[in-house]
Amino acid sequence: MIVQLLVAALLLASAVLVLAAAFGLWRLDDFFLRMHAPALANTLASWAVALASILYFSTGSGRPVLHQWVIVIVLAITVPVASGIVARAALFQLRKDRL
Amino acid sequence: MNLLDAVIAVTLGAYCLAMIVALARVLRGPRALDRVVAFDFLFTVALLGVLVLAIRYDSSAYFDAALLMAVFGFIGSAALGKFLLRGEVIE
């Protein structure tokens with residue numbers, strides 16, 4: 001029962017974080033400000049969902065199930081690279097517009 | 001109704017709302033890069049939704065799909081960013 005409550009709390013936290021990221025993506029004014037919003041979903045929300053999944057499947061099967069953590073590791077490696085490329089492209093466009 | 005089922009329904013509803021808002025940003029985004037960032041966010045939310053569905057249907061077959069979505073989301077947004085970067089440089 002405690003585990004179920006914990007899983008439910010983690011899922012609700014991820015829902016709130018994803019909603020905050022989406023509304024940040026919609027409300028923020030500048031592109032460079034807008035780039036920050038999805039990081040909320042890529043880090044905290046994915047950690048929360050992976051932890052909830054690990055808790056649920058580990059208690060369900062009686063042995064540790066850690067496959068989900070691979071997804072978090074892949075996200076932690078790929079997301080900074082992608083956002084670095086996108087930020088550099090935006091910086092080039094900005095400089096070209098100013099010149 | 002079970003507590004966990006209700007929470008999963010609420011979470012998936014929140015994800016749907018977030019995806020609709022991000023889709024509005026995709027349609028509106030003043031520049032191409034805004035759309036790239038919004039698409040990346042859409043991929044992430046869909047991945048989280050797949051992980052939640054794994055809990056909902058109590059099946060570990062969803063993890064491979066989520067992993068593939070993470071990898072392809074990275075490939076897509078990195079390729080689009082690289083294309084936009086190069087296009088601007090060559091012009």
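**Close-up views of a predicted two-chain model**

**View 1. Contacts and overall form of chain B.** In chain B of this predicted model, residues 24 or more positions apart account for 47% of the contacts that have a separation of 6 or more. The secondary structure of chain B consists of three helices and zero strands, and its pattern, read along the sequence, is α-α-α. The radius of gyration of chain B is 16 Å, well over the 12 Å that the globule rule gives for 91 residues, so chain B is more spread out than a compact globule. Along its principal axes, the C-alpha trace of chain B spans about 60 × 25 × 10 Å, and 37% of the 91 residues of the chain count as buried. Chain B has a mean pLDDT of 87, with 93% of its residues reaching 70 or more, and the model as a whole scores ipTM 0.89 and pTM 0.89.

**View 2. Helix H2 of chain B and the residue that follows.** Helix H2 of chain B covers residues 32–57, which makes 26 residues. From its first C-alpha to its last, H2(B) reaches 37 Å, a value close to the 38 Å expected at 1.5 Å a residue. Just after H2(B) comes B:Asp58, which takes a positive phi of about 55°.

**View 3. The contact between chain A and chain B.** Chain A brings 45 residues to the contact, and chain B brings 44 residues. On the side of chain A that touches chain B, at least two residues are supplied by each of helix H1 (2–27), helix H2 (31–34), helix H3 (37–61) and helix H4 (68–98) of chain A. H4(A) gives the most to this side, with 16 residues. By residue type, the side of chain A that touches chain B divides into 33 nonpolar, nine polar and three charged residues.

**View 4. Helix H3 of chain A, with its kink and its end.** H3(A) has 25 residues and reaches 36 Å from its first C-alpha to its last, which is close to the 36 Å expected at 1.5 Å a residue. Within H3(A) there is a kink of about 35°, and this kink is centred on A:Ala45. The helix is followed by A:Gly62, whose phi is positive and near 80°.

View 5. A:Ser53 has its place in helix H3 of chain A. A:Ser53 is buried, because 27 other C-beta atoms lie within 10 Å, and a residue counts as buried at 20 or more. Not counting residues up to four places away in sequence, A:Ser53 touches A:Gln68 of its own chain, together with B:Leu51, B:Ala54 and B:Ile55 of chain B. A:Trp26, by contrast, is 27 residues from A:Ser53 in sequence and 29 Å from it in space, C-alpha to C-alpha.

**View 6. A:Val72 and its contacts in chain A.** A:Val72 lies in helix H4 of chain A. With 18 C-beta neighbours inside 10 Å, A:Val72 counts as partly exposed, a class that falls between 12 or fewer for exposed and 20 or more for buried. Leaving aside its neighbours within four places in sequence, A:Val72 is in contact with A:Ser46, A:Trp47 and A:Ala50.

Note on methods
Residues are numbered from 1 along each chain as its sequence is written. Chains are lettered from A and ligands numbered from 1 in the order in which they are written. This is a predicted model: local features need pLDDT of at least 70, side-chain atom pairs count only at pLDDT 80 or more; totals for chains, interfaces and linings use all residues. Two residues are in contact if their C-beta atoms, placed from the backbone, lie within 7 Å. Helices (H or I, at least four residues) and strands (E, at least two) are DSSP runs, numbered from the N terminus. Ala, Val, Leu, Ile, Met, Phe, Trp, Tyr, Cys and Pro count as nonpolar, Asp, Glu, Lys and Arg as charged, and the others, Gly among them, as polar. The radius of gyration is taken over C-alpha atoms; the globule rule is 2.2 Å times the number of residues to the power 0.38. The expected span of a helix is 1.5 Å times one less than its number of residues. The bend at a residue is the angle between axes fitted to the seven residues ending there and the seven starting there. pLDDT is the predictor's confidence in each residue, from 0 to 100.
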